[in-house]
Each structure stands twice: as C-alpha cells, then as structure tokens.
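This report describes the nonpolar cores and the ligand shell of one protein model. The sequence and structure follow.

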Amino acid sequence: MGYQFVKSAAAFAEAKEYIPGGVNSPVRSFRGVGGTPPFIARAAGSRLYDIDGNEYIDYVGSWGPMILGHAHPAVTAALQKAVLQGTSYGAPTLLETELAQLIRLAFPSMELVRMVNSGTEATMSVLRLARAYTKRSRIVKFVGCYHGHHDSLLVKAGSGAATLGVPDSPGVPASVAGGTISVPYNDADTLAQVFAQYGEDIAAVIIEPVAGNMGLVPPCEGYLQKVRDITSSYGALLIFDEVMCGFRVAYGGAQALFGIKPDLTCLGKVIGGGLPVGAYGGRRDIMEHIAPAGPVYQAGTLSGNPLAMSAGIATLRTLTADPDMYRKLTGKTAALAVGLRNQAERYGLSLQFHQLGSMFGLFFTDQPVYDYDSATTADTEAFAVYFHTMLENGIYLAPSQFEAGFMSAAHSEADIAATIAASAKAFAKVAE
Ligand code: PLP
C-alpha cells in the first residue's frame with residue numbers, strides 16, 4: 001500500500017493552533033512543494049520514521065548536521081554520559097577547549113574559536129567583530145547565500161547587478177539592510193566594481209564558499225581566490241560561512257578543499273552532532289577583540305553547553321577515526337549522482353545534478369546553474385511532482401529545489417540503489 005499521512009495531517013492541524021504555521025522553522029511546512037509534512041517519531045542510521053509508521057531513507061540529515069547518520073552509537077553514548085553529569089553549568093568546562101582544539105586542527109585558520117548556539121548567532125557575531133576590527137560599516141553578501149535570520153543578512157538585492165540590500169522580511173529596518181551590499185555569486189567582476197565604489201567602507205565580505213542555500217552551487221574555478229585577492233587589497237575581511245559546507249565538502253571544509261585562507265570562519269551543524277551549536281573563529285589578532293579578551297561584546301547563557309560539546313566531540317572524533325571516511329562519503333554521493341543522471345536521461349529530462357563531497361542538489365533546468373538567477377530557471381512544479389513521488393516511495397528529500405541534499409556515513413549501497421529506483425518512478429511521473 002502507498003504511504004498514508006493521516007496522523008501527520010491531524011498533528012499538523014493541531015500544531016497550527018499553537019505554533020505559527022505549525023512549525024518552528026518555515027521550510028519544514030512544505031510550502032515549496034505543497035502537502036503535509038510527515039511528523040517524525042524517531043530516527044536511526046539513514047532512516048526516519050514518522051507517526052503514521054512510514055519509513056524513509058533520509059537525505060536531509062536535519063539540514064546537514066547528521067553526517068554520521070541518526071542516533072550514532074558514539075554520539076548517543078557521549079550524550080548519555082554527559083547528561084548524567086548535569087546539563088548546563090554556565091561555567092568553563094574541559095569539553096569546550098577539546099572541541100575548539102578539534103576545530104582548529106581541522107580549520108587551522110581558526111586560531112581562536114568562540115562557541116555559540118546556532119549558525120545565525122555565529123554570523124551575527126562575526127559581523128559585529130568585523131565592523132569593530134576594521135572600523136568600517138558596510139558588509140557584502142551574495143544573492144542566494146543564506147547566513148541565518150538576523151537583520152544585517154536577511155536582505156535581498158534591489159534591482160541591478162550590485163545593489164544596496166533591501167529587507168528580505170518585514171521588520172528588518174531599511175537602514176540596517178542598506179548597510180549590506182548584495183552581489184551575484186560566482187561573479188568576481190561585479191564584486192571588483194563594488195569595491196571600486198565602496199571599498200574603503202567595506203568591513204567584510206561574507207560568503208558561502210560552496211553555496212548550499214540556492215540548491216548546491218559550487219564556486220567556479222578560481223573564483224574564491226579572486227574574492228580573497230579583492231578583499232585583501234582593500235583591507236576588508238573575508239568571512240567564510242562554512243556552517244553548511246564545513247566538515248561536508250572535506251573535513252577541513254571549503255577552505256581546505258580550495259586552499260583559500262579566510263580571515264574568519266563560521267561553523268555550525270556538524271560540529272554540534274545534532275545539538276544546537278554554532279562557532280566562529282579566525283585570526284588571533286582579530287578574535288582577541290572579542291570580550292572578555294577585547295571590547296566587542298558577545299555572550300550566551302547556554303554557549304559551550306556540555307551536551308552540545310559532547311555530541312560535537314564524538315562526531316568529529318568518529319569522522320577522523322576512519323581515514324577513509326570522506327572518500328566513502330564522496331563515493332556514495334557520486335554513485336547517487338551517476339544513477340540519477342542516468343535515470344533522468346532515460347526519461348528525457350533536462351537535469352543539472354551538482355555534487356561536492358557529501359552534498360548534492362538537483363535542478364530541473366537545461367541551463368547551467370552558477371548563481372541565484374540561473375538557479376531560478378529551474379522548474380519548481382516539476383520538482384514538486386518529483387519530491388512527492390520520492391516521498392511516497394520512501395525517500396525523504398528537502399522539500400525545496402533550492403536546498404542541498406546530504407549523504408551520511410550510515411547510508412548503505414542498498415539505500416542508494418533504492419533511491420535510484422525510486423527516482424526512476426519519480427522522473428517517469430515528471431515526464432508524463
Ligand atoms: N549559514 C549557513 C550557510 C546556513 O546554511 C545556515 C542554516 O542553514 C545558517 C548560516 C544559519 O544557521 P542556523 O539555522 O543554525 O541559525
């Protein structure tokens with residue numbers, strides 16, 4: 001029998017009575033594809049199980065953190081041990097230094113690391129630091145890159161190639177959004193023009209070095225180096241937001257993969273092993289401006305929380321325990337890419353399938369996708385048909401074409417074969 005969503009539909013209706021839109025983060029509501037989001041009861045390995053008893057092979061991985069798969073024994077054991085010792089102290093612990101050490105080993109550019117509770121907090125704090133350090137006010141971001149929901153970065157481009165940002169949500173003051181300049185991704189010439197005009201006033205450029213929030217869009221060859229060169233020549237800081245791609249495209253993130261050294265880096269997701277964590281860090285001389293070492297204020301009641309630190313440490317130690325971990329993750333994701341490309345071709349569909357490390361994304365378009373405008377040539381209706389057919393065949397993908405997919409260490413070859421088989425059905429439905 002096909003999948004039923006009876007209990008989830010009732011749970012969604014009830015949730016809407018208590019929670020705006022029934023969810024605590026908008027994309028979970030399935031707005032991009034329509035229908036009812038399954039309410040999840042539990043997860044293990046590569047699988048999610050919903051309250052109607054449906055089972056799914058999961059490629060969302062809680063939007064990136066679950067690189068080891070769900071309820072990995074090393075992570076759950078670390079959490080069980082930690083929880084018995086108390087859940088929060090608001091005082092320093094050895095765990096915080098241990099996770100900071102592990103992060104610095106993976107990301108040597110992060111000489112000092114400050115823990116926070118989410119990716120949003122990391123990018124919010126790092127902008128304050130960048131402004132304070134450079135004594136400049138403007139920030140440059142890229143259209144289609146997402147860095148969290150705080151005011152300075154919840155901006156969209158106005159009209160034109162390089163524009164002063166306009167609020168991307170009611171409630172974001174135009175004065176704040178206007179301090180952020182938005183430029184197209186993968187376009188070094190426009191960035192150079194912006195610096196020619198505003199360079200002396202630009203504190204920092206923040207970039208997803210591998211973009212994962214307009215679907216997966218890797219940087220073009222040489223692009224990140226140009227961004228590095230432009231920022232350096234104007235004395236602006238380069239911030240890599242590796243909240244999503246850190247520990248994903250390589251253990252050392254995009255900066256290791258492409259050999260670029262940013263001044264500051266933001267992390268999140270994987271470093272919390274599924275608990276709420278973010279971190280920012282970078283050059284010691286810059287990071288020493290953060291309180292209490294320096295004057296730039298930033299704090300957090302639950303920052304460095306022992307449960308979150310324990311889950312993060314267990315995750316990073318497990319990732320490094322197997323020297324073949326990243327080769328296997330990448331190999332499985334590549335196998336999925338080949339399978340899906342072949343199936344799409346079989347059904348005569350134009351598909352762009354991108355993959356880097358254990359991240360992937362597909363666009364229903366015949367155009368090359370390299371920035372936000374080209375990503376939006378993708379056919380969202382075709383994606384909705386594809387998505388729902390996959391869901392009803394037990395494959396849980398992100399409910400939007402403009403989100404990345406994630407492979408985990410727990411996915412088996414059989415999972416990938418089942419995904420490719422389900423995809424054949426879904427492509428057939430799209431081609432109808
Ligand atoms: N930066 C990037 C690149 C992200 O992908 C996200 C979230 O998806 C964030 C920042 C915000 O992180 P959080 O949702 O933990 O606040």
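Which helix gives the largest share of the shell around the ligand? Helix H4 (residues 119-134) does, with 3 residues; helices are DSSP runs of H or I with at least four residues, numbered from the N terminus. The model is predicted: local features need pLDDT of at least 70 and side-chain atom pairs count only at pLDDT 80 or more, while totals for chains, interfaces and linings use all residues. Residues are numbered from 1 along each chain as its sequence is written.

The shell holds 16 residues, of which Ser118, Gly119, Thr120, Gly148 and Val243 come nearest to the ligand; a residue is near a molecule if its C-beta atom, placed from the backbone, lies within 6 Å of it. The shell divides by class as follows.

| Class | Residues in the shell |
|---|---|
| Nonpolar | 4 residues |
| Polar (Gly included) | 10 residues |

The largest nonpolar core has 127 residues, and Ala130, Ala204, Ile239 and Ala279 have the most contacts inside it. Such a core is a set of buried Ala, Val, Leu, Ile, Met, Phe, Trp, Tyr and Cys residues joined through C-beta atoms within 7 Å, where buried denotes 20 or more other C-beta atoms within 10 Å, exposed 12 or fewer, and partly exposed in between. Its largest share, 8 residues, comes from helix H10 (residues 306-321). A second, separate core of 5 residues includes Leu153, Val155, Val172 and Ala177.

Ala428 lies in helix H14 (residues 413-431). Ala428 is partly exposed because 14 other C-beta atoms lie within 10 Å.

How values were computed: Helix = DSSP H or I, 4+ residues; strand = E, 2+ residues; numbered from the N terminus.
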